[in-house]
Amino acid sequence: MQMGYYIPILVICSYLIALFTAYNVVSVNRLLDDKSSLYRNGWILVKAIVMSVGIGAMQYVGLMGYLNHTNFSYTPFFAWFALGLLFLGCYLAFLLMSRKKTTKNDLFIAGLLLTGGLLGVHYMGMRAIVSNGISYHPLFLMGSVLLSFISGKYTIWIVITQNKLLTGQLRII
């Protein structure tokens with residue numbers, strides 16, 4: 001097994017991209033309150049674009065920050081296809097959760113949709129790398145799927161809870 005190392009500045013940039021992406025996605029929620037259907041769908045589209053591009057950028061900057069003395073390049077088709085899968089998962093999850101009345105079942109389905117997008121960007125993004133020696137350990141694969149589902153579900157929950165707090169539909173005290 002070949003060992004590598006991380007370039008700290010790129011790892012920090014990857015975290016900052018994730019932070020700013022989350023902030024911007026949550027900020028768009030304020031624009032969704034009681035607007036026309038076309039207006040709401042436009043902002044949901046913007047939110048999905050921001051989130052998918054942010055996650056994709058975080059993923060690729062993080063990958064650029066890891067060096068393991070192996071030459072590799074990217075196949076553009078798979079890289080763009082991965083980003084498209086992530087966008088589709090984000091958009092469908094946000095669209096489902098933007099309805100006035102949502103249930104726990106909706107949250108579960110939205111979590112699955114976002115998980116599909118996250119796994120799509122990760123594994124299709126890894127498929128986009130042209131290199132020898134990429135393999136998946138089954139335990140790490142299952143851990144990745146589980147972590148993606150948990151993070152996807154709670155990302156949707158945080159965004160929706162924040163929106164309900166802003167619109168006065170939910171009170172903490």
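Predicted model: local features only at pLDDT ≥ 70, side-chain atom pairs only at ≥ 80, totals over all residues.
Ground rules. I number residues from 1 along each chain as its sequence is written, and for side-chain values I use heavy atoms, with hydrogens and water left out.

Aspartate 106. I found aspartate 106 in helix H4, residues 104-128 (a helix is a DSSP run of H or I with at least four residues, numbered from the N terminus). Aspartate 106 is buried, with a relative accessible area of 9% (buried means under 20%, exposed over 50%, partly exposed in between, with a 1.4 Å probe and protein chains only). I then looked up what aspartate 106 touches and, leaving aside residues up to four places away in sequence, noted Leu96, Met97, Arg99 and Lys101 (contact means heavy atoms within 4.5 Å).

Second largest pocket. Which helices each supply at least two residues of its lining? I noted helix H2 (37-64) and helix H3 (76-97).

Cysteines. I looked for disulfides, pairs of cysteine sulfur atoms within 2.5 Å, and the structure holds 0. Cysteine 13 is partly exposed, with a relative accessible area of 31%, whereas cysteine 90 is buried at 0%.
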